[in-house]
Structures are given as C-alpha cells and as structure tokens.
Amino acid sequence: MSDAPTLVSSAHFDYIAERTAGDDAFLADLKQAARDAGIPPIWVNAAQLSFMQVLLKLVGAREVLEVGTLAGSTAIGLARALPEGGRVRTVELEPKHASFAEDWVARSDVAERVQVIRGAGQDVLPALPDGELDALFLDADKAGYVDYVEQGRRLLRPGGLLMVDNAFAFGQLFDDTPTDREAGAVRAFNDRMASQAHGDDAPFQAIIVPLGDGMWVGVRR
Ligand SMILES: C[S@@+](CC[C@H](N)C(=O)[O-])C[C@H]1O[C@@H](n2cnc3c(N)ncnc32)[C@H](O)[C@@H]1O
C-alpha cells in the first residue's frame with residue numbers, strides 16, 4: 001500500500017463508464033430532445049448519476065432537493081433511487097428549462113415523485129423548513145453555492161447528504177487565466193468548503209470525488 005493515489009486518465013473514466021449503467025431509452029430520448037430544443041447538454045453524466053443514486057440509497061433518502069433542473073434528466077434519475085413516497089423537488093430559474101423538464105417529468109416513470117419549482121435557489125431555499133431534507137444537490141449558479149450550503153446546514157437533517165457539482169471548474173481549476181466566468185466562484189467555494197469540511201465543529205464532513213467535473217460529497221454532522 002502507498003499513500004500515493006493511482007493517477008487516473010480519460011481511459012479510466014471510459015472504463016468506468018463502460019461498466020456503469022448508462023441512460024435508458026427514455027433518458028436518451030430526453031437528452032436528444034433537449035439538444036434539439038437548444039438546451040445545453042450540461043447535465044451530470046451517467047456515472048455521476050449512478051454514484052448519486054448509490055449515495056441516496058445509502059442514506060435512505062426520501063426528501064431530495066436539487067438546485068438547477070436544466071432538462072430534468074438528473075431529477076428523474078435521482079427520483080428513481082427513492083422508495084415509494086419519496087420526492088425530488090428541483091428548482092429552476094430559466095422558464096424554458098423548467099417547462100421542458102415539467103413536460104418530460106410528466107411522461108416519466110417517476111412523474112409522481114418529481115416536482116419542478118420555478119424560481120431562483122436564492123429565493124426558494126430560505127422558505128423551506130429546517131431539517132426537512134435527506135439530500136441536497138447543488139448544480140446551478142456557482143456564485144450562489146456558498147449561500148446554498150449555508151442554507152443546506154439548516155435544511156439537511158443530521159446525517160443528510162450534500163452533493164455539489166463542478167468542483168473542477170469545468171476543467172479549468174488549474175488554469176492561470178480561466179475563460180469560464182464561474183471558475184473563480186468555484187475556486188472560492190472549494191476553499192470555503194475545505195475550511196468547513198474538517199474538524200469536530202465543522203458542519204459537514206466532505207470531500208471532492210473525481211467523477212465528472214468533480215463533485216463535493218458531504219454528510220451533515
Ligand atoms: C448545470 S445545469 C443543471 C443540470 C442538472 N442538474 C442536470 O444534471 O441535469 C444548471 C441549471 O441551473 C439553472 N440556474 C441558474 N441559476 C439558477 C438559480 N439562481 N436558481 C435556480 N436555477 C438556476 C440554469 O438555468 C440551468 O438550467
């Protein structure tokens with residue numbers, strides 16, 4: 001055994017993808033329709049979704065909140081990991097995305113378990129009651145992440161699951177002059193998370209998992 005990790009390459013990610021359940025026909029059709037509608041294909045990939053489904057099952061999640069719906073594929077995937085009576089609420093600011101997602105959720109096998117909430121995460125999260133979430137997935141405006149995690153401290157029950165996408169800043173984490181306007185916000189967020197993710201008083205125990213564009217995974221203490 002060594003402390004040094006195995007250096008992974010794109011071949012390893014291909015290897016993982018080949019050994020992970022991919023999209024079923026419904027999600028593949030949804031994604032094609034989203035592309036055709038001009039919605040950007042910036043959803044989490046199938047390996048990430050599979051990982052998130054495993055985590056939801058491990059914590060026995062019933063009440064899940066996603067911030068950033070896009071086309072609804074991930075909300076549908078998350079809902080499929082919940083038991084009977086479980087619910088995914090997903091918050092979307094862009095009306096075109098919300099309408100597309102509502103349409104496809106209604107046609108899905110988990111239509112009863114997914115609710116699209118129109119609006120900004122900044123407005124929706126503060127209106128929710130303390131401790132009612134088993135899991136929170138952040139995948140919207142990166143400048144909002146710090147506030148969303150502050151809300152997550154309040155909204156997640158002890159032992160609840162926090163997941164936050166794009167810790168690798170769209171692949172630009174180490175760029176001297178990143179072109180993505182949100183890269184700086186991601187770096188600041190990562191540093192903030194790191195400062196609150198360790199120690200007995202920390203609100204979360206959390207770590208970045210190198211799947212997709214990097215995902216923070218944490219548990220509410
Ligand atoms: C990366 S996409 C979400 C992808 C989705 N989670 C998935 O995996 O399929 C980000 C979404 O967040 C939405 N968004 C941006 N700012 C937001 C805000 N303040 N509140 C809610 N949604 C927001 C965007 O319109 C976009 O649809």
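A residue is counted as near a molecule or strand if its C-beta atom, placed from the backbone, lies within 6 Å of it. This is a predicted model, in which local features need pLDDT of at least 70 and side-chain atom pairs count only at pLDDT 80 or more, while totals for chains, interfaces and linings use all residues. Residues are numbered from 1 along each chain as its sequence is written.

The ligand is surrounded by 23 residues, with W43, G68, L70, T74 and E94 the closest.

An open sheet of 7 strands runs in the order β3-β2-β1-β4-β5-β7-β6 with mixed pairing, two strands being paired if DSSP finds at least two bridges between them. Because β3 and β6 stand at the edges with a single partner strand each, one side of each is left without a neighbour in the sheet. Within the sheet, β4 and β5 pair in the parallel sense over 5 bridges, and A135 stands opposite L161 in β5.

Helix α7 (residues 145–155) has the buried residues Y145, Y148, V149, Q151, G152 and L155, buried meaning that 20 or more other C-beta atoms lie within 10 Å of a residue's own C-beta atom, placed from the backbone. These residues cover an arc of only 160 degrees around the axis, which puts them on the same side of α7, the arc being that of the directions from the helix axis to the C-beta atoms.

How values were computed
A residue is buried if 20 or more other C-beta atoms lie within 10 Å of its own, exposed if 12 or fewer, and partly exposed in between; C-beta atoms are placed from the backbone. Helices (H or I, at least four residues) and strands (E, at least two) are DSSP runs, numbered from the N terminus.
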